[in-house]
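I am opening a notebook page on a structure that is new to me, and I will write down each thing as I look it up.

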Amino acid sequence: MSKTTLIDCCIKKYAYREISEIYKEIGASPQGLFPEQVDGMRRRYGENSFAKRKKDTMLRCLRRAFINPFHIILFVLGMISLATDVVLASNFARNATTAIIIFSMILTSGVIRLIQELRAKNAAQQLERLIHESITVRRAGDLQEISAEELVVGDIVLLSAGDRVPADIRLTKVSDLFISQAAITGESAILEKNCNTLSYGSTETLTQLENLAFMATTVIGGKGEGIVLAVGKDTLYGSFEKSDAEEKQSFQKGANSIAWVMLRFIVVLIPIVFVLLRLTGGKWLESFAFALSVAVGLMPEMLPMVITACLARGSLSMSRKQTIIKDINAMQGFGSMDVLCMDKTGTLTNESILLEYYMDVLGNESTRVLDFAFLNSMYHSGVCNPIDNAILACQTMPGRSAYYTRLLAQYQKTDEIPFDYARKFVSTLVTEADGAGQLIIKGDIAHVVARCGFVEYRDAVLPMDEDKMRSVASVVDEMLQDGMKVIAVARKRIEKQNRILPEDEQSMILMGYLAFFDAPKKTAKTSVEALKRLKVTPKILTGDQADVAVSVCRRVGIPSETVLTGVQMDEMTDAALGAAVEKIHVFAELTPGQKVRLVSALSQNGHTVGFLGDGINDIPALCEANVGISVDTAVDAAKDAADVVLLQKDLGVLEQGILEGRNTFTNMLKYIKITASSNFGNIFSIVCASAFLPFLPMTSLQILLLNLLYDVLCIILPWDNVDEEETLSPRDWSGRTLGRFMLSFGPISSLFDIVTFLFLYYMLCPMLCGGVTYQSLTDSVMQLQYISLFQTGWFLESMWTQVLILHFLRTRKIPFVQSRPSAPVICITLAGIIAFTAITFTKGAAFFGLTHLPFWYFIFLLIVALLYMLLTTVVKAFYQKKYHELI
């Protein structure tokens with residue numbers, strides 16, 4: 001039996017039991033739990049969290065910091081080095097230096113990664129305070145506000161409009177309670193809940209049971225109270241929550257693709273180097289250990305640390321720009337996002353709207369229409385919205401406060417059906433003192449008019465015919481074209497009835513309209529232009545009328561010649577929709593399910609899709625998008641579903657986030673591509689040299705030391721400047737172009753390495769060793785000096801060129817002239833070259849098999865470095881011309 005099925009059985013049984021029986025079985029009461037019971041309930045039924053999945057323990061941080069493919073390779077090499085250089089070596093030849101260096105690299109990389117992990121963890125905890133969810137419970141007869149995580153089975157929870165249900169609950173009291181279960185069913189329909197005990201004859205599925213409320217669902221209207229039946233992983237929502245490995249993994253997929261490129265190069269290099277060394281007389285174990293060290297020399301050993309440092313710095317910078325990253329891997333979304341889907345209200349337009357006109361069916365001002373709309377808005381218990389707020393603001397008009405007070409005293413609320421994203425209107429039943437009732441509906445024009453059989457004009461009720469429909473259309477169309485948001489108001493007299501039935505919402509009397517002015521923000525047009533300049537295509541997904549959406553989009557510069565409505569979408573196949581979403585930028589009159597379908601279609605077309613939303617109806621789309629973006633004023637459920645939280649709902653803030661994301665990824669790609677290509681050049685040189693030299697061109701220890709020193713310098717890359725050109729298009733986070741880059745620039749390094757080999761082998765070393773080549777030497781001491789001079793010369797040339805090439809490949813422009821690195825990058829790399837060169841002049845150089853060289857060698861080294869930079873610049877120009885990119 002699956003976990004979902006098991007939970008279904010455990011929870012479902014309570015729908016058929018009397019509330020008193022449930023209290024008795026669980027050990028609770030209508031007064032709630034007493035303090036001494038809470039801990040016992042938590043031990044017995046568990047905590048209300050997904051702690052084992054979500055809680056980032058120190059153990060998980062350690063595992064991520066130290067266990068990765070690169071560290072595993074290094075660890076294997078270290079163990080082999082211990083075996084060959086210590087265990088199997090003679091007493092006089094034993095040397096654990098190589099193993100010490102290898103394990104030091106693992107430790108250094110892992111510790112730095114751990115520090116960054118802990119910083120990111122602390123940042124996430126700070127964010128949790130921002131989106132912290134509190135709930136109202138009754139304990140020991142008193143109402144208390146507690147964190148949702150403190151909830152236990154047996155608690156009595158009070159719910160109201162806008163709340164997210166914090167656990168699986170059996171309802172005990174309700175008052176017009178309507179709940180959206182989109183979070184668990186994916187359907188946008190709103191369900192009315194009750195607290196009645198069901199009979200065993202009913203065959204509804206678990207989610208259809210009217211007396212149960214489930215974790216992660218949202219209260220749309222009314223109030224409720226219930227007893228907690230299950231928490232955390234034992235809830236229905238918890239049963240199909242995805243594990244970490246199944247969550248959005250676009251960042252990890254990109255990182256894996258880069259790793260696989262590197263591993264393919266390794267798989268080819270290891271056997272080649274091993275066979276070459278064996279053919280030249282090397283020992284089996286030594287040849288294998290050196291082959292592995294050569295392969296590891298290809299790997300950017302500190303890749304995990306540099307990536308984490310870049311992401312952590314990027315997320316910190318974004319927090320200063322009013323953007324909080326809940327997961328630092330979500331930075332990938334900002335770096336590669338090329339489509340941004342958003343609602344227009346609050347994003348392109350202001351959060352608040354103004355009531356401009358209240359009119360009858362022919363466009364004449366009508367206070368009667370406003371009165372009935374006011375009653376509907378006042379007695380609507382659903383989530384507050386800008387339209388209701390604008391209508392209710394009329395009571396603040398001079399001299400009108402007393403009038404609306406009398407109106408409310410005249411009509412009392414009897415029943416309601418909250419706003420439904422499928423029905424698109426709200427129904428309210430109000431009753432006068434004599435018992436006569438008025439059913440008032442207010443909402444989308446098309447949906448309200450479709451339920452009307454009559455029109456009201458100057459106190460006369462007339463049948464609705466085609467002429468009157470045309471009159472309705474002419475009045476409404478003119479306002480919609482002016483960019484106004486228009487809703488319809490209708491009523492029907494109902495005699496002595498205390499409940500609204502579905503059939504009551506027919507044959508209504510159309511009273512008139514309310515028109516609202518939804519003006520674009522002053523910054524909207526500029527922000528849209530900025531997104532386009534960044535090659536992010538803005539697409540509007542709204543539930544508003546098409547004409548209103550077109551009017552606003554036209555003013556801010558979003559193409560709106562063609563609009564696709566939700567009704568039209570439903571008639572399209574997935575293939576047809578996939579083609580349409582590429583050409584159309586405005587989608588109107590949508591339900592939450594249709595927004596999800598649009599986001600999915602864009603993702604399947606290969607786009608990295610961001611979705612900006614703050615409402616309950618946006619939650620499914622936020623989950624579907626590659627990057628879910630919300631704001632701190634959004635409902636808790638929307639903030640929880642989002643990957644990124646904006647502290648200000650403004651596209652200008654989002655633009656800064658996109659730029660920072662691209663800066664971050666450019667610096668990450670600099671390290672990966674430049675280091676990989678440089679390492680490849682060095683290793684290719686070693687392979688070539690190993691085939692012809694009678695000794696190792698560089699020891700395993702020296703290769704590892706070279707990589708360690710270079711990687712230490714690269715820690716500064718997250719703080720490098722990024723050219724503006726690199727931020728004008730989405731960044732591709734994958735290994736797709738890595739192999740091409742390595743094969744294009746790596747051999748340049750090899751070319752100058754070979755020139756250095758020839759100079760060292762035939763000129764410098766013989767000059768300093770009696771004027772003869774290595775083969776002519778018979779003195780073992782002189783042979784060792786010859787080898788040490790050669791290895792030192794190449795070590796310095798490799799280090800110099802590897803550090804300097806960083807400056808030439810970090811930018812498409814001429815380095816230092818058209819594009820300057822940041823001051824920290826210049827200082828650290830320059831200091832690194834000086835410090836690492838100075839190592840060869842110290843007594844400790846012998847520890848690594850190095851020695852000091854004459855000063856005139858550095859003149860040769862400078863010439864080689866300059867020629868290397870010049871050739872790299874030429875190849876860079878051809879590379880950019882062919883591929884239209886560099887990093």
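Predicted model: local features only at pLDDT ≥ 70, side-chain atom pairs only at ≥ 80, totals over all residues.

I then asked which residues touch the most other members of the largest nonpolar core. Of its 75 residues, these are Phe 695, Leu 764, Tyr 786, Phe 790, Phe 795, Met 799 and Tyr 857. I noted that the elements giving two or more residues to this core are α10 (250–279), α26, α27 (700–714), α28 (738–768), α29 (780–809), α30 (823–839) and α31 (855–883), and that α29 gives the most, with 14 residues. Apart from this core I found another, of 62 residues, which includes Leu 534, Ala 546, Val 552 and Ile 658.

Next I turned to the strands, where I traced an open sheet of eight with mixed pairing, in the order β8-β23-β22-β21-β9-β18-β20-β19. Its edge strands, each pairing on one side only, are β8 (323–325) and β19 (563–565), and I recorded an average twist of 20° from one strand to the next. Within this sheet I checked β9 (residues 339–342) and β21 (residues 609–612), which run parallel and are joined by four bridges; here Cys 341 stands opposite Phe 611 in β21.

Helix α20 (residues 546–556) lies across β18 (537–541), β19 and β20 (586–588), and runs at about 150° to β20.

Methods. Residues numbered from 1 in each chain as written. Heavy atoms only, no water. Pairing = 2+ DSSP bridges. Axes fitted to C-alpha atoms, helices over the stretch in contact; angles between N-to-C directions. Contact = heavy atoms within 4.5 Å. Core = buried A, V, L, I, M, F, W, Y, C linked by side-chain atoms within 4.5 Å. Buried < 20%, exposed > 50% of the residue type's maximum accessible area, 1.4 Å probe, protein only.
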